[in-house]
Amino acid sequence: MFIALDMDGTLLNSDGQISERNKEAIVAAQNAGHIVAIATGRAYKDARKPLAKAGLDCPIIGLNGAVIVQPNGAITRDVPLNKDALLPTLEWVRLQPDIYCEIYTNDEVYVGLHNREHLVAMAASAEQDVKRIVEKQFQQARVTYVPDISEIWNGEWIFYKILLFSLNLSSLAKAAQQFRLLPDITVTSSHPNNIEVNHRQATKGEAVKQLAATYGIDLKETVVIGDSLNDLPMFAVAGYRVAMGNAVEEVKQQADVITVTNDEDGVAHALEKLYTYNREI
């Protein structure tokens, strides 16, 4: 069996940690001969950190499917964006005062200082729930700040993902519309306040298909667990789909079963049933 787990809102709890029960469930699944992979919007470094802390070793589908990194560090999938085609839209984004932008490149995740300063200022005067949303965004990626984000797209970096975050949903929708006009682009989301831009072939679904094939596992024997819109492409290809109790409604509608929330060890609940009772999928 091939099992693909989303991270934020799925494997990780609200503190960004892998619980002991979730860890034990993954180890038990691996010991039973199943392949357990991570499928996340995070960059490899940011996905690897909580896994290393928990003592887990798994293949990682990163950046929504743009890369696959094997446990030995080998990169077996690499689907970058066409940076030149993106530049006019990125320049438009740079001039929007209420949109925070992260650029995921071949070496680091870059953010313009003005982006962070503006978002922090907005959050400082906002209600507590808004502050938590902003704090969570800063928690997910270790970023490198540059005075002006245009320094990055004028350099030699390779782009894999663009993440836009805003407290203004109207601005976010307008940005999504702008990117969808570009060729070979897919726009998805891992949170109501963000959009994520990748190459159209850089989806969790395409990466799950490739990685399952690498291990000689039929898609009918794949299980995926997730909570957000960027998980839908892997729900579309998997043999068995598990939605988290905290998942968005669109994900729950596509699921075969709904487990409990990420703060209630929902991944462990699902895995224990799958491999303990040898569920047919």
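Is Thr105 buried or exposed? Thr105 is buried, as its relative accessible area is 8% (buried means under 20% relative accessible area, exposed over 50%, and partly exposed in between, with a 1.4 Å probe and protein chains only).

Before going on, a word on the model: it is predicted, so local features need pLDDT of at least 70 and side-chain atom pairs count only at pLDDT 80 or more, while totals for chains, interfaces and linings use all residues. Residues are numbered from 1 along each chain as its sequence is written, and side-chain values use heavy atoms, leaving out hydrogens and water.

**Around Thr105**

Thr105 lies in strand β6 (residues 100-105); helices (H or I, at least four residues) and strands (E, at least two) are DSSP runs numbered from the N terminus. Its neighbours by contact (heavy atoms within 4.5 Å) include Tyr110, Ile152 and Trp157, not counting residues up to four places away in sequence. The side chain of Thr105 also takes part in the pairs below.

| Thr105 side chain with | Distance |
|---|---|
| Asp107 side chain (polar contact) | 2.8 Å |
| Glu108 backbone oxygen | 2.8 Å |

A polar contact is a pair of N or O atoms within 3.5 Å; within protein, one must be able to donate a hydrogen and the other to accept it, and residues adjacent in sequence count only if both atoms are side-chain atoms.

**Around strand β2**

In strand β2 (residues 35-39), 4 of the 5 residues are buried. Strand β1 (residues 2-5) pairs with β2 in the parallel sense over 4 bridges (pairing needs at least two DSSP bridges), and Ala4 has Ala37 as its bridge partner in β2.
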